[in-house]
Amino acid sequence: MTKNSFISVISHEEKEENKGSVEFQVFCFTNKIRRLTYHLELHKKDYSSQRGLRKILGKRQQLLAYLSKKNRVRYKVLISQLNIRELKTR
């Protein structure tokens, strides 16, 4: 898997001006998660990477929960663009 095969939903101009936005952070975490998942398919006993993956998943989940509370429309658009599942409601 090459580096260029990961998603690039956000345009280049948006990346430069909105690096602190929730959408951009979730986008970056999703890329990291996909990279780590691919790495762990090859290296099943890499427990440090497994721990890092769990931490990134938790951070992304927190950001998605925040976005779903603040702006449900932006949340729906983001999860459809990134092709990820909705959060479980408690």
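Helices here are DSSP runs of H or I with at least four residues, strands are DSSP runs of E with at least two, and both are numbered from the N terminus.

First, a word on what we are looking at. This is a predicted model, in which local features need pLDDT of at least 70 and side-chain atom pairs count only at pLDDT 80 or more, whereas totals for chains, interfaces and linings use all residues. Residues are numbered from 1 along each chain as its sequence is written, and side-chain values use heavy atoms, with hydrogens and water left out.

Now the overall layout. The chain holds four helices and zero strands, so that, by the DSSP assignment just described, reading from the N terminus gives the order α-α-α-α. For exposure I use relative accessible area with a 1.4 Å probe and protein chains only, where buried means under 20%, exposed means over 50%, and partly exposed is whatever falls in between. On that scale, 29% of the 90 residues of the chain count as buried.

Rings of Phe, Tyr and Trp (the six-membered ring, for Trp) are paired if their centres lie within 6.5 Å, and the pair is called stacked when the planes are under 30 degrees apart, edge-to-face when they are over 60, and tilted for the rest. That rule gives one aromatic pair. The partners are phenylalanine 24 and phenylalanine 27, whose ring centres are 6.2 Å apart with 40 degrees between the planes, which is a tilted arrangement. Both sit in helix α2, residues 22-42, and they are three residues apart, about one turn of the helix. Phenylalanine 24 counts as buried because its relative accessibility is 13%, and phenylalanine 27 counts as buried because its value is 3%.

Next, the charged contacts. A salt bridge is taken to be a side-chain nitrogen of Lys or Arg within 4 Å of a carboxyl oxygen of Asp or Glu, and a search of the whole structure turns up three of them. In one, arginine 74 is joined to glutamate 23, with the closest N and O atoms 2.5 Å apart. This pair links distant parts of the chain, since arginine 74 belongs to helix α4 (residues 72-82) and glutamate 23 to helix α2, 51 residues apart. Arginine 74 is partly exposed, because its relative accessibility is 37%, whereas glutamate 23, at 18%, is buried.

Which side chain does arginine 72 meet in a salt bridge? The partner is glutamate 86, with an N to O distance of 3.3 Å. Arginine 72 lies in helix α4 and glutamate 86 in the segment after α4, so this pair ties together parts that are 14 residues apart in sequence. Arginine 72 is partly exposed at 38%, and glutamate 86 is partly exposed at 39%. Glutamate 86 also meets lysine 76 in a salt bridge, at 2.8 Å from N to O. Here lysine 76 lies in helix α4, 10 residues from glutamate 86, and it is partly exposed at 37%. Through shared partners, salt bridges join Arg72, Lys76 and Glu86 into one network.

Most residues other than glycine have a negative phi. Asparagine 83, although it is not a glycine, has a positive phi of about 60 degrees, and it counts as exposed because its relative accessibility is 66%.

Finally, the surface. Patches are built from residues with over 30% relative accessible area and no salt bridge, joining like charges within 9 Å and nonpolar side chains (Val, Leu, Ile, Met, Phe, Trp, Tyr) within 5 Å. Lys and Arg count as positive and Asp and Glu as negative, while His and the chain ends are not counted. The place of a charge is NZ of Lys, CZ of Arg, CG of Asp or CD of Glu, and the areas come from the Shrake-Rupley method with a 1.4 Å probe, with only the protein chains shown counting as cover for residues. A positive patch is formed by Lys32, Arg35, Arg51, Arg54, Lys55 and Lys59. Helices α2 and α3 (47-70) each supply at least two of its residues, and α3 gives the most, with four. Arginine 54, the residue I opened with, is exposed because its relative accessible area is 55%.
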